[in-house]
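Please keep the sequence and the coordinates at hand while reading.

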Amino acid sequence: MIRYLLRRLGLAAVQLGVLAVLVFALTSLLPGDAAAVRFNEQAGLGQITELRAQLGLDRPLIERFADWAGGLLTGDLGTSLMSGEPVTGVIAGSLGATAVLAGATLVLVLPLSLVLGLAAGLREGTRLDRAVSAVVLVLNGIPDFVLALALVALFGLQLGWLPATWVGTDGTDLLLRPALLVLPVTVLLARTVCLLARQVRAGTVAALHAGYVVQARRLGVPRRAVVLRHALPNVALPGVQELARTGDHLLGGVLIVEAVFAVPGTATVMIDAVRGRDVPVIQSVILLLAAVALALNLAADLLCHRLAPRSEAAR
């Protein structure tokens with residue numbers, strides 16, 4: 001297990017290093033820079049050149065990359081070109097709302113997925129199974145931003161039951177206004193629950209049709225015992241793998257939801273950074289999301305390795 005963990009950590013470090021190079025290269029190709037954006041069209045070339053020198057944007061690309069990469073190794077993400085504040089502080093101030101959205105979704109996604117997937121799988125071919133499968137198919141085909149706009153139009157504007165946006169809040173008073181979470185979390189749960197529930201249903205059906213399960217039921221083993229001892233363990237392994245993949249989707253979905261609902265989170269910081277060509281902030285947010293995605297996949301791989309250790313020996 002230790003060797004497997006060290007190998008996976010090494011692979012994750014290589015992946016993050018390659019991504020860092022690509023992110024720096026691609027952000028360097030953005031049209032314009034922070035100096036040009038900060039001045040309007042009336043500014044003279046001399047003013048822009050002077051500011052570019054102050055921000056260090058006139059230095060060679062290789063030199064800037066070396067300084068940036070060295071800072072990453074020491075935990076220094078650099079300084080925001082727009083505000084002059086440390087990038088760490090800029091991002092940290094936005095993580096609260098993002099963490100609340102992602103955390104609430106993760107708390108609900110597993111129980112909802114298990115209930116729907118098991119309910120459909122244990123009643124294969126019934127009306128309940130067809131209904132769940134139909135809802136899963138429809139919701140899985142709706143993009144997050146379309147569903148978000150539809151829910152805002154219906155429950156926020158037409159009916160007025162729930163807040164349509166987070167405008168006017170800084171994301172710190174969620175305990176006093178939990179209604180703010182309902183629509184964003186619903187959007188994040190929709191496709192995530194669908195993907196995982198479909199996997200749970202498929203695993204349940206496959207387990208119940210397995211030969212040893214059929215034989216156990218012929219011998220009179222109670223249905224509850226069959227489900228708990230045979231169906232659920234067989235659903236666990238593919239379910240964990242699917243949960244890691246839905247975790248990647250969740251990260252992208254959080255950014256979309258924050259943009260639609262005007263949540264003062266990571267998406268807001270990212271959008272402002274792109275508008276202002278604040279390259280250090282853009283790079284740091286992308287790397288942060290990539291690191292979280294790698295951590296989720298690593299945790300899923302370790303759990304799968306623990307649940308089925310013989311799969312590693314067979315490779």
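Is S94 buried or exposed? With a relative accessible area of 4%, S94 is buried, because the cut-off for that class is under 20%. The model discussed here is a predicted one, and each value below is computed from it.

**Overall make-up**

- The protein contains 14 helices and 0 strands, so that reading along the sequence gives the pattern α-α-α-α-α-α-α-α-α-α-α-α-α-α.
- Of the 315 residues in the protein, 38% are buried.

**Two loop residues**

- S94 is found in the loop that joins α5 (87–92) to α6, and, when its neighbours within four places in sequence are left aside, S94 is in contact with P264, G265, T266 and V269.
- A262 belongs to another stretch of the chain, the loop between α11 (223–261) and α12 (266–275), and A262 is partly exposed, with a relative accessible area of 32%.
- The backbone of A262 deserves a check, as its phi is near 55 degrees, a positive value in a residue other than glycine. For context, most residues other than glycine have a negative phi.

**Helix α1 against helix α4**

- Two packed helices are described by the angle between their axes and the distance between the axes.
- For helix α1 (residues 2–28) and helix α4 (residues 61–74), the axes come within 11 Å and cross at roughly 135 degrees, which makes α1 oblique to α4.
- The crossing of α1 and α4 is right-handed, and the residues that make the contact are A20, V21, F24 and S28 on the α1 side, with L61, R64, F65 and W68 on the α4 side.
- Sorted by class, the contact of α1 with α4 consists of 6 nonpolar, 1 polar and 1 charged residues.

- In a right-handed crossing, α8 passes α9, with D144, L147, A148, L151, V152 and F155 of α8 meeting L183, T186, V187, A190 and R191 of α9.
- The residues in the contact of α8 with α9 fall into 8 nonpolar, 1 polar and 2 charged.
- Helix α6 (residues 95–122) also packs with α9: their axes come within 6 Å and cross at roughly 35 degrees.
- The crossing of α6 and α9 is right-handed, and the contact of α6 with α9 divides into 23 nonpolar, 6 polar and 1 charged residues.

**Aromatic rings**

- How many aromatic pairs are there in the count? The count comes to 4 aromatic pairs, with ring centres required to lie within 6.5 Å.
- F24 and F65 form one of these pairs, an edge-to-face arrangement with 5.1 Å from centre to centre and 65 degrees between the planes.
- This pair links distant parts of the chain, given that F24 is in helix α1 and F65 is in helix α4, 41 residues apart.
- The two partners fall into separate accessibility classes: F24 is buried, with a relative accessible area of 9%, whereas F65 is partly exposed, with a relative accessible area of 25%.
- In the pair of F155 and W161, the ring centres are 6.0 Å apart and the planes stand at 45 degrees, so the pair is tilted.
- F155 is partly exposed, with a relative accessible area of 24%, while W161 is exposed, with a relative accessible area of 61%.

Methods
Residues are numbered from 1 along each chain as its sequence is written. This is a predicted model: local features need pLDDT of at least 70, side-chain atom pairs count only at pLDDT 80 or more; totals for chains, interfaces and linings use all residues. Side-chain values use heavy atoms; hydrogens and water are left out. Axes are lines fitted to C-alpha atoms, for helices over the stretch in contact, and angles run from 0 to 180 degrees between N-to-C directions. Helices (H or I, at least four residues) and strands (E, at least two) are DSSP runs, numbered from the N terminus. Angles under 35 degrees count as roughly parallel, over 145 as roughly antiparallel, 65 to 115 as roughly perpendicular and the rest as oblique. A crossing is left-handed if the near helix is turned anticlockwise from the far one by less than a right angle, and right-handed if clockwise. Contact means heavy atoms within 4.5 Å. Ala, Val, Leu, Ile, Met, Phe, Trp, Tyr, Cys and Pro count as nonpolar, Asp, Glu, Lys and Arg as charged, and the others, Gly among them, as polar. Rings of Phe, Tyr and Trp (its six-membered ring) pair if their centres lie within 6.5 Å; planes under 30 degrees apart count as stacked, over 60 as edge-to-face and the rest as tilted. Buried means under 20% relative accessible area, exposed over 50%, partly exposed in between (1.4 Å probe, protein chains only).
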